[in-house]
Amino acid sequence: MSRRPKNPQAQSKTFSWFVLAPVIGVGALLGVVIAVGYKPADPSDGIALDLADATPGEMVLIPEGTFVMGRDNGPEDEKPAHEVTLAPFYLDKTEVTNAQFAAFVKATGYVTRAEKKPNWEEMRRNLPPDTPQPLPEDMVAGSAVFYPHGSLNPAEWKSGGPPWWRYVPGACWRRPEGRGSDLRDKGNFPVVQIAWEDAAAYAGWAGKRLPTEAEWEYAARGGLVRKEYCWGDARPGEGGKWYANAHQGDFPNTDTANDGFAGLAPIAQYPPNGYGLYDMSGNAWEWCQDWYDPRYYATSPRDNPKGPDVGEPDAMGQLQKVRRGGSFLCNDSYCKRYVPSARDCNPTDSSANHTGFRCAKTAK
Ligand SMILES: [Ca+2]
Ligand SMILES: [Ca+2]
């Protein structure tokens, strides 16, 4: 909150203006700074920007071709399995890293959605008319952070939603778990706490775009046909081999890290898929270009589908964009969505500490 400085006390006339001038100048400057709402810098801001590395990440050329998208033995929104033909495109070999995103912010001064104070007038346009206005103390910048706590039984959820998500003031890409967290030594981790609009802004700056949902699934399958996983049929951990960073143990309370990582992992810690892409399964969710419609596959075009013109609103009336690949929080007991056919979605302004992205580029 901005505060106006108190009126300066009368100064003794025994001091000359020459002596007072620097004092008055510094005082006036401080007054202006306080009046515009200056807050002391959080050390995590500088730690994040110091990671900046503008070296472009490698992209892989995904060849043109036809594949079977979706599956008939999965959730309703993955049906029907259907053939899709795609033109060739490039896709980032890895999830976009903190170092890469820091270079974007350093070059442009971009401010992510999670770093902005929520605007009620903007929010209410997407909400039912009778939605009560939040208290001013709740209208603070922040984002969703996973909190390993609670039961999988919805009957035990007090607020109507899963108890393992909390809105944490101050949480953003520079501080994924909120105040007190930072990106020290995490330049090669996927950037998270990224809303769809932030991912799209980065992609535009980098001369790229977000992949379509069809491109994403085609690439994730790595040339395999109708396989359950991005790597084939082997179950994670079978024969002591792990292929992705997901969640093992009693979700959400205990992450036993059998796959080597509890929480987010640096990029490319597991073998790449058939196209040489890393972490298409797990680690961080990845935003796609398309609006989400659970019934889209029934009518989608065969060639280069780009999603519906308008997606289906969520329970609060907000349209949602597709997210793919699952995350370090996918557990077979609750949501096995680190498989290539699995679909998920969220509103364009939402972010969380398990959601990032990678970029695509049209091959000319
Ligand atoms: Ca893990
Ligand atoms: Ca991923």
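Predicted model: local features only at pLDDT ≥ 70, side-chain atom pairs only at ≥ 80, totals over all residues.
Which residue in S10 is the bridge partner of Glu286? The partner of Glu286 in S10 is Gly356.

Residues are numbered from 1 along each chain as its sequence is written, while chains are lettered from A and ligands numbered from 1 in the order in which they are written.

Start with the sheet. Helices (H or I, at least four residues) and strands (E, at least two) are DSSP runs, numbered from the N terminus. Two strands pair if DSSP finds at least two bridges between them. Four strands form an open sheet in the order S9-S8-S7-S10, and the pairing is mixed. Its edge strands are S9 (343–347) and S10 (355–356), each of which pairs on one side only. Strands of a sheet pair through backbone hydrogen bonds, either parallel or antiparallel.

Now walk across it. S8 and S9 run antiparallel and are joined by five bridges. Here Gln320 stands opposite Pro347 in S9. S7 and S8 also run antiparallel, with three bridges between them. Trp287 stands opposite Arg323 in S8. S7 and S10 pair in the parallel sense, over two bridges. This brings us back to Glu286 and Gly356.

How much of S8 is buried? A residue is buried if 20 or more other C-beta atoms lie within 10 Å of its own, exposed if 12 or fewer, and partly exposed in between, with C-beta atoms placed from the backbone. Five of the five residues of S8 are buried, so the strand is mostly covered. Helix H6 lies across S7 and S8 (320–324). H6 runs at about 140 degrees to S7. Axes are lines fitted to C-alpha atoms, for helices over the stretch in contact, and angles run from 0 to 180 degrees between N-to-C directions.

Next comes the loop between H6 (213–221) and S7 (285–291), where Pro272 has its place. Pro272 has 18 other C-beta atoms within 10 Å, so Pro272 is partly exposed. Two residues are in contact if their C-beta atoms, placed from the backbone, lie within 7 Å. Leaving aside neighbours within four places in sequence, Pro272 is in contact with Leu277 and Tyr278. Cys230 is 42 residues from Pro272 in sequence, yet the two are 9.2 Å apart in space, C-alpha to C-alpha.

Most residues other than glycine have a negative phi, and most peptide bonds are trans. Ala268, in the loop between H6 and S7, has a positive phi near 60 degrees. Asn283 lies in the loop between H6 and S7 as well, and its phi is positive too, near 65 degrees. Is each of these residues buried or partly exposed? Ala268 counts as partly exposed because it has 16 C-beta neighbours inside 10 Å. Asn283 counts as buried because it has 33.

Pro252 has its place in the loop between H6 and S7. Pro80 is found in the loop between strand S2 (65–69) and strand S3 (82–86).
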